[in-house]
Amino acid sequence: MNKIVWVFISIFFLASCSGNVSDNKSKNNDAVSREIVTDSNSEIGILNDSITSDSLNAELYIRRANINLANEQVGAAIKDINTALSIDRKNVEALLVLADIYYALGDEDNIMLTLNKACEYAPLDPRPIVKLSELSFLQGNSKLADAYIDKALELDRFNPRAYFMRGMIALASNDTAVAMKNFMTARVQKDDFIEPKIQIAHIYAAQGDTIAKVFFEEAIRMSPEDYSLYYDYAMYLQDNGFPELAMNYYDELLKVMPNNPTFIYNKGYVYLVYLGDNEKALDCFNEVLQLDPTSITALFNKGRTYEQMGDYINARNIYRQILKDNPDYRLAVDAINRISE
């Protein structure tokens with residue numbers, strides 16, 4: 001699965017980094033989370049009061065379930081949705097949230113049952129059909145996913161999520177042109193729909209097109225607490241001639257997660273490769289190794305920094321240290337051969 005598609009997985013029911021060891025970049029996608037937990041205590045409090053005075057209003061329970069689910073309070077979300085469905089068993093909004101809950105639990109069978117029930121109760125509503133497409137796509141059945149989108153667009157040809165989904169199907173088939181066309185359509189139809197903008201940004205970034213900056217910055221403005229966007233954008237910037245701007249985004253990330261070795265490592269890499277500041281690069285790699293002594297990439301790039309400084313003794317010692325425990329580490333083998341000539 002390519003870098004662009006992974007962004008989609010985490011936003012399927014609840015609405016990338018470049019490089020690898022061989023080019024000495026960190027790609028720990030776990031360093032940042034796409035899910036944003038909102039400070040919703042005040043809203044929950046208002047809903048609690050409203051439910052107390054209007055305990056048979058299913059919509060209030062659905063709204064509270066959505067907030068609880070966004071904040072990973074799955075048990076509370078289930079309780080609220082069950083209450084909503086006991087009040088109105090054919091409430092499609094409640095069934096859609098229940099499908100989200102089953103998604104959070106990884107229960108694909110019940111997602112399917114719940115969405116089919118929603119389709120039965122509301123045959124003209126395209127939303128459960130689009131979600132069935134998303135589920136089929138996740139299960140690797142792109143043909144069925146595309147058929148569901150055809151059906152959804154027959155019901156509503158101005159459905160931005162359907163076009164977004166069609167773009168994801170095309171992207172998974174490496175048809176970037178069709179993917180871009182559908183993402184652009186979704187964006188035009190719903191300007192505050194952030195997911196297609198993220199995908200457009202990643203497509204342009206993969207092509208090295210500077211227009212990616214426009215879409216990354218637009219997405220960040222829309223979702224300023226989605227720190228994975230900062231990370232993806234920083235990776236794009238460092239690889240496309242904007243290393244100083246990349247540093248600004250890594251610094252913003254470090255304000256939130258000050259001891260994150262991925263961000264510190266990437267700063268070191270930018271200092272070493274793009275800015276030529278060996279002293280600062282060395283400081284970064286040393287800091288990473290204090291946080292994670294097992295980081296072979298940080299250790300290797302510490303050796304590279306010494307080599308770039310002309311300190312071949314320390315560089316050789318580091319490369320030998322790496323090869324002692326990892327004799328097949330090709331980069332260290334090549335480095336030893338290079339500076340021993």
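Guide: Contact, as the word is used here, means heavy atoms within 4.5 Å, and the model we are looking at is a predicted one.

Visitor: Which residues does Tyr250 touch, not counting residues up to four places away in sequence?

Guide: Tyr250 belongs to the largest nonpolar core, where it is listed with Ile81 and Phe183 as having the most contacts inside that core. In soluble globular proteins, nonpolar side chains tend to be buried together. Leaving aside residues up to four places away in sequence, the residues touched by Tyr250 are Tyr231, Ala234, Met235, Gln238, Phe263, Asn266, Lys267 and Val270.

Visitor: How many helices and how many strands does the protein chain have?

Guide: One of the helices is H14, which covers residues 243–256 and holds Asn248, and another is H18, which covers residues 312–325 and holds Asn317. For the protein chain, the secondary structure comes to 19 helices and 0 strands.

Visitor: Is Cys119 buried or exposed?

Guide: A residue counts as buried when its relative accessible area is under 20%. The relative accessibility of Cys119 is 18%, so by that cut-off Cys119 is buried.

Visitor: What is the accessible area of the nonpolar patch formed by Val273, Tyr274 and Leu275?

Guide: Tyr274 is found in helix H15, which spans residues 261–275, and its relative accessible area of 32% makes Tyr274 partly exposed. On the surface, Val273, Tyr274 and Leu275 form a nonpolar patch, and their accessible area together is about 210 Å².

Visitor: How far apart in space are Asn248 and Lys267, C-alpha to C-alpha?

Guide: Asn248 is partly exposed, because its relative accessible area is 42%, while Lys267 is among the residues that Tyr250 touches. In sequence, Asn248 and Lys267 are 19 residues apart, and in space the C-alpha to C-alpha distance is 9.8 Å.

Visitor: And what is the distance in space between Asn317 and Ile336, C-alpha to C-alpha?

Guide: Asn317 has 40% relative accessibility and therefore counts as partly exposed. Asn317 and Ile336 are 19 residues apart in sequence, and their C-alpha atoms are separated in space by 9.4 Å.

Visitor: What percentage of the residues of the protein chain count as buried?

Guide: The accessible surface of the protein chain is about 16400 Å², and 48% of that surface belongs to carbon and sulfur atoms. Turning from surface to residues, the chain has 341 of them, and the share that counts as buried is 49%.

Methods: Residues are numbered from 1 along each chain as its sequence is written. This is a predicted model: local features need pLDDT of at least 70, side-chain atom pairs count only at pLDDT 80 or more; totals for chains, interfaces and linings use all residues. Side-chain values use heavy atoms; hydrogens and water are left out. Buried means under 20% relative accessible area, exposed over 50%, partly exposed in between (1.4 Å probe, protein chains only). Patches are made of residues with over 30% relative accessible area and no salt bridge: like charges are joined within 9 Å, nonpolar side chains (Val, Leu, Ile, Met, Phe, Trp, Tyr) within 5 Å. Accessible areas come from the Shrake-Rupley method with a 1.4 Å probe; for residues, only the protein chains shown count as cover. A salt bridge is a side-chain nitrogen of Lys or Arg within 4 Å of a carboxyl oxygen of Asp or Glu. Helices (H or I, at least four residues) and strands (E, at least two) are DSSP runs, numbered from the N terminus. A nonpolar core is a set of buried Ala, Val, Leu, Ile, Met, Phe, Trp, Tyr and Cys residues joined through side-chain atoms within 4.5 Å.
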